[in-house]
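Visitor: I am new to this structure. Please show me how to read it, one feature at a time.

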Amino acid sequence: MEARLPLQDNPVAAAFVRRLVSADKTLAESGLPTSTQELVKIRASQINGCGFCVDMHTKEAARAGESAVRLNLVAAWREATVFTEAERAALELTEQGTRLADAAGGVTDEAWANAAKHYNEDQLAALVSLIALINAFNRLNVIIRQPAGHYEPGMFD
């Protein structure tokens, strides 16, 4: 399987991706816990069916010390006992922010208030931005059918 459009070879796509990566680096330094960031990226990528991002972020999370049990339970986080209340709030916000078209009201006040209980304003700004960013990456990769399975941790560092 090959991507419909090789992002690195097209100057427009490559410039766009560089800017997305730059935004991701800003968020990585935001104070939002790295484990939370990876869980958010994994969950949004699962919902959006982005195999490339699921592959990448599960491997990056493992490299950062995330356990296999937690990684295997991200898709079933509601029933899992291995996530903190803060992580659960972030995952709920991620799901609602990713499935905007599925709910006429968008993100509920309850989901927002729950996240606000666990994260300060800067962390909330990072969380919201991260949800938007990973959804952009997912859509880009899904549209071009970016193949999954070959990502090596740190390959884009």
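Visitor: What percentage of the 157 residues in the chain do buried residues make up?

Guide: Buried means under 20% relative accessible area, exposed over 50%, and partly exposed in between (1.4 Å probe, protein chains only). Buried residues make up 42% of the 157 residues here. This is a predicted model, in which local features need pLDDT of at least 70 and side-chain atom pairs count only at pLDDT 80 or more, while totals for chains, interfaces and linings use all residues. Residues are numbered from 1 along each chain as its sequence is written, and side-chain values use heavy atoms, with hydrogens and water left out.

Visitor: How many helices and strands does the chain have?

Guide: Both are DSSP runs numbered from the N terminus: helices are H or I with at least four residues, strands are E with at least two. The chain has seven helices and zero strands. Its radius of gyration is 15 Å, close to the 15 Å that the globule rule gives for 157 residues, so the chain is as compact as a globular protein of that length. That radius is taken over C-alpha atoms, and the rule is 2.2 Å times the number of residues to the power 0.38.

Visitor: Which residues of H3 are buried?

Guide: In H3 these are Phe52, Cys53, Asp55, Met56, His57, Glu60 and Ala61. They pack against helix H2 (34-48), helix H4 (68-73) and helix H7 (121-144). Helix H3 itself covers residues 51-63. After H3 comes Gly65, with a positive phi near 105°.

Visitor: Is Ser45 buried or exposed?

Guide: Ser45, found in helix H2, is buried, with a relative accessible area of 1%.

Visitor: What is Ser45 in contact with, leaving aside its neighbours within four places in sequence?

Guide: Contact means heavy atoms within 4.5 Å. With those neighbours left aside, Ser45 is in contact with Cys50, Cys53, Val54, Ile134 and Asn138. For the chain, residues 24 or more positions apart account for 70% of the contacts with a separation of 6 or more.

Technical notes
The expected span of a helix is 1.5 Å times one less than its number of residues.
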